[in-house]
Amino acid sequence: MKTFETDVAIIGAGTAGIPAAIEAARSKVRVDVFEQSDTWGGPAKGGNGVFAVGSKMQKLKQFTYTKEEILRYWMEYTHNNVDARLVSEFINRSADTVEWLSEMGVDFSDLIAYYPGAKYVWHFRRDGSAFIGDILKKTSDKEGVTYHMQTKVNRLIMDGKRCIGFEAENAEGVYEVHAKAVIIATGGTGKRADFVKKETGWQLGEEDPDTDISVFPHFCYEDPTTAPKLGVELGWEVGAMHTRLMIDSFASIPAPNFGPGGVPAQLPWFRQPQNICVNYHGERFIDEAEMRNGAFMGNAIAIQKKQTGFMIFTQQMREHYDNVGMDYEMGNVHFMDDLTADEYLEMNWKRGNQDIMIYESLEELCEGMGIDRRLIDTVKEYNDNIKNLKGDPIFHKDPAYLMPIEGSRYYVARFKRHAYGVMGGMRINYRAELLDTQTDPIPGLYGAGNDVNCLYTDTYPFALSGNTSSFAINSGRIAGQEAAKYAKSH
């Protein structure tokens, strides 16, 4: 069989793989990247920005978050169910990575907190500027990295317990790649809906709108039977630790209406804490102020009938939002700003979408959206509590957010769950070494990005936004440095 020799071989040319390639190449070793598709950068091209603590931008803005503070928050959030040493390494390196990206030409415009109370740790890329992935690719080309596109990996090759390469396949046939170190950075398992269903029980896509978790267009392989092996599958075959998968999901109006905060940017009314949120039974199921955190709201929706919630407000409330202002804004996150709110609603109805509707009465709303008429009693109880008790004795919503649901025009949006991606499956240590079932490193084998992102247990921490892409870049950098170091010594 034909063979190919290199020092560091990287599987995946995405947000983790390219930074790994840059760092390895800068360590003066030969680096080859193998990508199964015909495009590089991954579907998000590095995302809209990155999480970091202690950056120059934060200091200039007087955000004096400490690494200790964020680490403690992280470990409390996950109940110490994640590798604290890896989290610490990620946090400690994060500010340097912002500077590393800035030096390459990434244009960071602002710091963003995803919701009131969240941390200003999301270093946001300027609208219209070059994508992070594009800039990284250009840098890797200058460093002499070689890319092998439309090349899938069939299996890893082991010499005893040590990884020494893999079997690759392209249009010309099957061949072996012999490498001193291998990095798996294939972007997670979300591309394979069948695999995710088997591992989690949740279905990605929209085969059944009542139960499935929607995803971005072209997110999943259309035909899993012809898809290349996932990085996680490659690792499991050679004894990598099997960790559970986490779907990075949030509450969202279904496609094509998802957007920042789970709603189109033109319709931020639907994520305000003054609204009322009910299920198909016509009953409230959460303090509506939780809408600020899309992941938490998504968790609450996931256990309702048909995994659905409905956010409702009135014309009177809309006028309050338009004239007085809204409590939950989305900072500098902009999409489709050329449309007004009413123009967006008109466009939505013209395309036949009924997830966002307006009705003249609660009775019409119940019939139109399929909600039990108990909603009428729920609204009366809610309004009576506001007027008579000056409070919400059921969920104890902040009195500042209590506003009666009354009038002659009712706005309603159907909320489901939408997925950014799927994380985990394998585990690394703080040196990005892939671990076996005994938590021992597998010699010569490294991991980076979503394949090994086991840092959140069951829910993405929206308080620390920009985290996924930041972990991919930071873990990629670590993997590239450590793999190059290993390659030089073997």
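I take buried to mean under 20% relative accessible area, exposed over 50%, and partly exposed in between, with a 1.4 Å probe and protein chains only. The model I am reading is predicted, so local features need pLDDT of at least 70 and side-chain atom pairs count only at pLDDT 80 or more, while totals for chains, interfaces and linings use all residues. I number residues from 1 along each chain as its sequence is written, and side-chain values use heavy atoms, with hydrogens and water left out.

**Entry: backbone angles**

I started with glutamine 307, which counts as buried at 13% relative accessibility. Helices (H or I, at least four residues) and strands (E, at least two) are DSSP runs, numbered from the N terminus, and I placed glutamine 307 in the loop between helix 8 (294-302) and strand 13 (309-314). Its phi is positive, about 50 degrees, although glutamine 307 is not a glycine. I noted lysine 28 beside it, another residue other than glycine with a positive phi, here near 65 degrees. Lysine 28 sits in the loop between helix 1 and strand 2 (31-34), and at 72% relative accessibility it counts as exposed. I wrote these down because most residues other than glycine have a negative phi, and most peptide bonds are trans. For the peptide bond, I found that the one from alanine 255 to proline 256 is cis, with omega near 5 degrees. Proline 256 belongs to the loop between strand 11 (246-252) and strand 12 (276-278).

**Entry: helix 4 and helix 5**

At what angle do the axes of helix 4 and helix 5 cross? Axes are lines fitted to C-alpha atoms, for helices over the stretch in contact, and angles run from 0 to 180 degrees between N-to-C directions. On that basis the axes of helix 4 (residues 84-104) and helix 5 (residues 132-142) cross at roughly 75 degrees and come within 10 Å. I call the two helices roughly perpendicular to each other, a label for angles of 65 to 115 degrees, whereas under 35 is roughly parallel, over 145 roughly antiparallel and the rest oblique.

Counting contact as heavy atoms within 4.5 Å, I see Trp100, Leu101 and Met104 of helix 4 meeting Ile132, Ile135, Leu136 and Thr139 of helix 5. The residues of this contact divide into 6 nonpolar, 1 polar and no charged, where Ala, Val, Leu, Ile, Met, Phe, Trp, Tyr, Cys and Pro count as nonpolar, Asp, Glu, Lys and Arg as charged, and the others, Gly among them, as polar.

I then listed the buried residues of helix 5, which are Ile132, Gly133, Ile135, Leu136, Lys137, Thr139 and Ser140. These buried residues pack against helix 1, strand 3 (49-51), helix 4, strand 5, strand 6 (146-148) and helix 13 (467-488). Just after helix 5, glycine 144 takes a positive phi of about 90 degrees.

**Entry: threonine 15 and glycine 46**

I looked up threonine 15 in the loop between strand 1 (3-11) and helix 1 (17-26), and it is buried, with a relative accessible area of 17%. A polar atom of its side chain lies 3.4 Å from the backbone nitrogen of glycine 46. Not counting residues up to four places away in sequence, threonine 15 touches Gly41, Lys45, Gly46, Ser469, Ala472 and Ile473.

Glycine 46 is in the loop between strand 2 and strand 3 and is buried, at 2% relative accessible area.

Alanine 118 lies in the loop between strand 4 (108-112) and strand 5 (122-125), and I have it as buried, with a relative accessible area of 7%. Apart from neighbours within four places in sequence, alanine 118 is in contact with Ala113, Phe462 and Ala463.

Asparagine 385 has its place in helix 12 (residues 374-389) and counts as buried at 13% relative accessibility. Its contacts, again leaving aside neighbours within four places, are Lys390, Gly391 and Pro393.

**Entry: cysteines**

How many disulfides does the structure hold? I found 0 disulfides, a disulfide being a pair of cysteine sulfur atoms within 2.5 Å. Cysteine 277 is in no disulfide, and the nearest cysteine sulfur, that of cysteine 366, is 14 Å away. Cysteine 277 counts as buried, at 2% relative accessibility. The sulfur of cysteine 454 is 19 Å from the closest cysteine sulfur, in cysteine 163, which is too far for a bond. Cysteine 454 counts as partly exposed, at 24% relative accessibility.

Notes: A polar contact is a pair of N or O atoms within 3.5 Å; within protein, one must be able to donate a hydrogen and the other to accept it, and residues adjacent in sequence count only if both atoms are side-chain atoms.
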